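Dear colleague,

Please find below the structure that I am handing over to you. My notes on it follow directly after.

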Amino acid sequence: MTRTDPLDVPRPHAQLHFGVFFQGVNHWTIWSAPDSGSQIDPASFRRVAQTAERGLFDAFFLGEGLRLREVDGKIHDLDVAGRPDAITQLAALAAVTRRIGLVSTSNSTFNEPADLARRLSGLDLLSEGRAGWNVVTTDNAWTGANFRRGGYLDHADRYRRAEEFLTVARALWDGWEDGAVADSARAREWSVPGAVRRVHHRGPQFDVDLAPTLPRSAQGHPVIFQAGDSGEGRDFAARNADVVFSAHGNDFDDALAFADDIRRRLRAVGRPDDDLRILPGTEIILGATEEEAQEKKRWIRLQQVTPATALGIAGLLWGIDLSDRDADGPLPKEDPVVTANDGSFGARRIADPRAVVAEWRAKAEAHGWSLRETIIALGPQRGHVGTPSGLADKFAHFVRHGAIDGFNVTPYLIPDGLDDIVDLLVPELQERGIYRTEYTGTTLRENLGLREPLTHRSARNRRQAG
Ligand SMILES: Cc1cc2nc3c(=O)[nH]c(=O)nc-3n(C[C@H](O)[C@H](O)[C@H](O)COP(=O)(O)O)c2cc1C
């Protein structure tokens with residue numbers, strides 16, 4: 001890619017933001033290399049969070065899985081067991097970091113707002129305004145089996161519940177007025193008008209009658225992230241979110257189409273179209289030369305897609321147990337078994353397995369690929385591969401054309417996987433003027449360059465109008 005005049009682009013002053021996504025449910029973190037460390041040792045969390053902070057990242061981000069994944073009643077053995085709950089883990093990291101944001105994925109389907117809002121407030125206060133909440137709806141029945149009698153909720157109901165959940169959470173967060181004094185002596189004066197507002201909420205999903213017991217944090221309340229790609233999910237983001245954790249960051253045209261779609265939805269609800277940050281998840285593979293980076297990618301993919309992993313992925317696609325097959329042999333001869341989606345496979349259910357298998361067969365035959373090679377070549381594609389300077393140019397192009405605001409980076413190695421990004425890529429980005437050289441604020445909201453919380457803006461508008 002050739003360097004363009006940085007001012008001759010739609011967003012000449014756009015800045016790139018990085019988060020680090022410490023994965024919990026995956027096969028993308030390499031387990032078996034000599035440099036692979038523990039994915040559950042608290043020292044690994046600290047190491048990654050502190051490296052990200054050294055690289056001036058906006059956020060350390062945790063996903064959520066409330067039950068190990070299962071396929072046909074058998075535990076999917078790639079899941080990570082041994083991690084503390086996200087909010088607890090982030091509270092511990094607040095003590096060993098100073099500026100980086102701490103984002104917990106917590107679902108709105110199996111939690112209750114009166115409890116979760118308070119726990120997130122606690123994280124926001126302990127971290128002095130660095131908390132974020134990634135609101136997810138969780139898409140599978142096996143998680144639901146342990147919660148909510150009746151468990152699973154269908155898609156539209158999950159988003160209805162998420163919306164009401166957030167309405168209640170915000171009322172609780174906003175209930176303690178700015179300036180209300182947060183010490184125990186004054187907290188007894190709850191009857192002081194305007195200090196603490198008791199929340200009475202009666203809705204289809206929740207009945208809440210509660211005087212909030214925690215004050216506002218330095219950033220008002222946690223920054224709201226959203227992950228969920230459907231039309232409902234995107235509308236939910238447009239109405240509520242400060243940041244979208246998207247799956248659209250590999251290809252420029254796809255990323256731009258997604259960002260334009262989100263901007264349209266923002267305008268439709270009356271928000272400025274720069275009111276939200278879009279941070280796709282990605283993997284970044286660096287090499288001293290293009291060839292070295294591509295060679296490294298090949299090695300990484302073989303470590304990630306082990307024979308057992310390949311058979312697990314193929315089993316999901318074919319809908320049959322393939323664990324006794326040879327991953328380095330040809331594709332299974334059987335046709336895929338297509339069953340109705342009862343929700344128990346969540347978003348991993350493939351819409352049209354027959355079409356995917358037909359495409360895989362045709363390409364595998366044409367190239368002479370084994371099953372494992374086919375999965376590496378045609379399975380989920382992720383991330384960016386190149387030299388630090390080549391990728392810095394590429395990311396400058398993405399961000400200055402409004403396709404993304406940054407990335408939520410998944411390291412393929414724990415705990416050292418961010419080192420080359422921080423040491424080699426960040427300086428290249430800084431040189432191009434698209435990456436901060438120091439933290440610009442003390443809160444997550446400030447560092448992301450966000451406006452004040454949406455509810456505070458509407459309260460001010462109401463006061464001004466009245
Ligand atoms: C990038 C991304 C990350 C997600 N992370 C989680 C997660 O950590 N935990 C979880 O329960 N669901 C997670 N989800 C699933 C969402 O909660 C949601 O249930 C799913 O995407 C289906 O909603 P949709 O049809 O709007 O995409 C994630 C979804 C996306 C797109």
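**Findings**

Thr105 is found in strand 5 (residues 101-107), where helices (H or I, at least four residues) and strands (E, at least two) are DSSP runs numbered from the N terminus. Please note that this is a predicted model, in which local features need pLDDT of at least 70 and side-chain atom pairs count only at pLDDT 80 or more, whereas totals for chains, interfaces and linings use all residues. Residues are numbered from 1 along each chain as its sequence is written.

With 21 C-beta neighbours inside 10 Å, Thr105 counts as buried; the term requires 20 or more other C-beta atoms within 10 Å of the residue's own, while exposed means 12 or fewer and partly exposed lies in between, with C-beta atoms placed from the backbone. Apart from neighbours within four places in sequence, Thr105 is in contact with Leu62, Gly63, Glu64, Ala86, Asn134 and Val136. Contact here means that the two C-beta atoms, placed from the backbone, lie within 7 Å.

According to the unreviewed UniProt entry, the annotation "binding site" covers Thr105, His155, Tyr159 and Ser230. The UniProt positions are given in the numbering used here, feature names are shortened, and annotations may be inferred rather than shown by experiment. Tyr159 lies in helix 5 (residues 155-175) and is buried, because 21 other C-beta atoms are within 10 Å. Again leaving aside neighbours within four places in sequence, Tyr159 contacts Thr137, Glu232 and Phe236.

Strand 7 (residues 199-202) and strand 8 (residues 207-210) pair in the antiparallel sense over 4 bridges; pairing requires that DSSP finds at least two bridges between two strands. A hairpin of 4 residues joins strand 7 to strand 8, and His201 stands opposite Val208 in strand 8.

Helix 1 (residues 42-54) has 13 residues, which at 1.5 Å a residue should span 18 Å; its end C-alpha atoms are 18 Å apart, so the two agree. The expected span is 1.5 Å times one less than the number of residues. Phe45, Val48, Ala49, Thr51, Ala52 and Glu53 are buried in helix 1. The cover over the buried residues of helix 1 includes strand 1 (17-22), strand 2 (59-62), helix 2 (86-94) and helix 14 (419-431). Just after helix 1, Leu56 takes a positive phi of about 60 degrees.

Yours sincerely
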